[in-house]
Amino acid sequence: MTRGSEIFRWWVRQANTVIIGLQRLGIAFGPQYLITVPGRKTGRPRTAAIAVVPIAGQRYVVQAYPKAAWVANVRAAEQVTLSRGRRSSVVKMVELPVAERRPLLRDCIADSPRVGKLFTTSGLVDDGSPDGVAAAADRIAVFRVEPT
């Protein structure tokens, strides 16, 4: 991680604290949700702010930072709770194979170039272009949200 990506991650943590607080007060905005998942080591509930993105009639969650703890916790959990404002639901998060991630990531970045810049700033990819992000699909977890 570079110094710039460390600073950026610090700011994101601060913003996430605010987002979590607002969501718990019932204030929802943008694509932001709270994911609550049992910690893979302690089993205690862990909550993080994430973006749930609709693509081609499905809902997806894309890892935006290297070594995100929620990703490892979701991989270890059978189900998670997604909350938005005062509403919540228990869902299953299915991780896509790398081959399925590539076109989805390419389309996501083509539709929103700012996301590619975010991936570059966070240190997840070197090239934030649609093809650059798609090429890094093996380093970017993508989960499809499915009802339980």
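**Charges, rings and cores**

Reply: With glutamate 95, which counts as partly exposed because its relative accessibility is 28%. On this scale, buried is under 20% relative accessible area, exposed is over 50%, and partly exposed is in between, using a 1.4 Å probe and protein chains only. Before going on: this is a predicted model, so local features need pLDDT of at least 70 and side-chain atom pairs count only at pLDDT 80 or more, while totals for chains, interfaces and linings use all residues. Residues are numbered from 1 along each chain as its sequence is written, and side-chain values use heavy atoms, with hydrogens and water left out.

Me: OK. Which side chain does glutamate 95 meet in a salt bridge?

Reply: Arginine 75, at 2.7 Å from N to O. Helices (H or I, at least four residues) and strands (E, at least two) are DSSP runs numbered from the N terminus. Arginine 75 is partly exposed because its relative accessibility is 49%.

Me: How many salt bridges are there by this rule?

Reply: The count comes to 4, where a salt bridge means a side-chain nitrogen of Lys or Arg within 4 Å of a carboxyl oxygen of Asp or Glu. One of them joins arginine 106 and aspartate 131, with the closest N and O atoms 2.9 Å apart. Arginine 106 sits in helix H3 and aspartate 131 in helix H5 (residues 130-135), 25 residues apart, so this pair also links distant parts of the chain.

Me: Is aspartate 131 buried or exposed?

Reply: Exposed, because its relative accessibility is 52%. Arginine 106 is partly exposed, at 33%.

Me: And what does arginine 144 form a salt bridge with?

Reply: Glutamate 146, again with 2.9 Å between the closest N and O atoms. Arginine 144 is buried at 19% relative accessible area, while glutamate 146 is partly exposed at 25%. There's a network too: salt bridges that share partners join Arg75, Glu95 and Arg101.

Me: Switching to rings. How many aromatic pairs turn up in the whole structure?

Reply: A search finds 2. Tryptophan 10 and tryptophan 11 are edge-to-face because their planes are at 85°, with ring centres 4.8 Å apart. The rule takes rings of Phe, Tyr and Trp (its six-membered ring) with centres within 6.5 Å; planes under 30 degrees apart are stacked, over 60 edge-to-face, and the rest tilted. Tryptophan 10 is partly exposed at 44%, and tryptophan 11 is exposed at 55%. Tryptophan 70 and phenylalanine 143 make a tilted pair, 5.8 Å centre to centre with 55° between the planes. Tryptophan 70 is in helix H2 (residues 69-76) and phenylalanine 143 in strand S6, 73 residues apart.

Me: How accessible is phenylalanine 143?

Reply: Its relative accessibility is 1%, so phenylalanine 143 counts as buried. Tryptophan 70 is buried as well, at 12%.

Me: Now strands. What does S5 pair with?

Reply: S5 (residues 87-95) pairs with strand S4 (residues 80-84) in the antiparallel sense over 5 bridges. It also pairs with S6 (residues 142-147), antiparallel over 5 bridges. Strands pair when DSSP finds at least two bridges between them. Valine 80 is bridged to valine 91 in S5, and methionine 93 to valine 145 in S6. The S4 and S5 hairpin has 2 residues between the strands, and glycine 85 there takes a positive phi near 65°.

Me: Last topic, the cores. Which residues touch the most other members of the largest nonpolar core?

Reply: Leu105, Phe119, Val133, Ile140 and Val142, out of 19 residues. Strand S3 (58-62) and helix H3 (98-111) are the elements giving two or more residues to it. H3 gives the largest share, 4 residues. A second, separate core has 17 residues, including Ile35, Val71, Val74 and Val145. A nonpolar core here is a set of buried Ala, Val, Leu, Ile, Met, Phe, Trp, Tyr and Cys residues joined through side-chain atoms within 4.5 Å.

Me: What is phenylalanine 119 in contact with?

Reply: Leaving aside neighbours within four places in sequence, Val62, Gln63, Ala64, Ile109, Leu124, Val125, Val133 and Ile140. Contact means heavy atoms within 4.5 Å.
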